[in-house]
Every structure is written in C-alpha cells, then in structure tokens.
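Here's a quick briefing on strand pairing and charged contacts. Have a look at the model first, then read on.

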Amino acid sequence: MYNIQHSVTVRNGKLQVTLDCIRPDVEIAYTLDGGEPTVNSPRYVKTSDCKNRSTLLKCATFYNGRRMGKTLTLPVCLNKATACTVYTDSPAKDVLVNGVRGS
C-alpha cells in the first residue's frame, strides 16, 4: 500500500510524468541521477514535464521521515518517436510514444 503508481503521457508534444500513492499521508521523494531516493531528496508535488533528455527516475514513499514501500525505477528513454503524434483511434496510442521502456 506504500508503493507508487505512475503514468507517463504525451501532452502538447511533451512527456508528462504523474506519480501517485493510495496513501494520502505519504510524501514521494525522487532522484533523476539513478541514485536511491532519501528523506532529503526532492519531493514530488505535481505532474511534471520530462526534460528533453533520457533519464532514470527513481522514487520512493516516506512517512514521518521513514522510508516505506519499494523503489519505483522508471527509465524514460527519448528517441525520434517519443512524444510524436500517433495516427490511430486506439485509446492506448500514447503508450507507443511515452518513452517508457517495456519489459
């Protein structure tokens, strides 16, 4: 229940990352350099645009200064197709160009 849910969507030609936890009383901390998030890492406040570069986003939840749940590791890889328009009516079309590498 302390794990982070995420979505990476395309809006106005930019990637937007949204993070959420079902527990409203936790804070989400993140890093963009591949390091593990700590209690002193920047806090996630709202949906934000990805910068124009590939990055490794790591986030974790904290409650009263104590780390909870698992670390979410999200590699966002930019290429020529990232955030481009996909011409289809499929509701899943943004997943094709959201920069998140599948497994």
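A salt bridge here is a side-chain nitrogen of Lys or Arg within 4 Å of a carboxyl oxygen of Asp or Glu. By that rule, searching the whole structure turns up 4 salt bridges. Keep in mind that this is a predicted model, where local features need pLDDT of at least 70 and side-chain atom pairs count only at pLDDT 80 or more, while totals for chains, interfaces and linings use all residues. Residues are numbered from 1 along each chain as its sequence is written, and side-chain values use heavy atoms, with hydrogens and water left out.

- Strands (E, at least two residues) and helices (H or I, at least four) are DSSP runs, numbered from the N terminus.
- Two strands count as paired if DSSP finds at least two bridges between them.
- On one pairing, strand β3 (residues 27-31) runs antiparallel to β5, with 5 bridges joining them, and Y30 sits opposite C59 in β5.
- On another, β5 and strand β6 (residues 66-76) are antiparallel and joined by 8 bridges, with K58 opposite T73 in β6.
- The hairpin of β5 and β6 has 2 residues between the strands, and N64 takes a positive phi near 50° there.

- Side chains of opposite charge can pair when their charged atoms come close.
- E36 and K58 do this through their side chains, at 3.0 Å from N to O.
- E36 is in the loop between β3 and β4 (48-49) and K58 is in strand β5, so this pair ties together parts 22 residues apart in sequence.
- K58 is buried at 13% relative accessible area, whereas E36 is partly exposed at 41%.
- R67 also forms a salt bridge with E36, with the closest N and O atoms 3.4 Å apart.
- R67 counts as partly exposed because its relative accessibility is 32%.
- Salt bridges with shared partners join E36, K58 and R67 into one network.

**The D25 pair**

- D25 forms a salt bridge with R23, and the closest N and O atoms are 2.6 Å apart.
- With 35% relative accessibility, D25 counts as partly exposed.

Technical notes
Buried means under 20% relative accessible area, exposed over 50%, partly exposed in between (1.4 Å probe, protein chains only).
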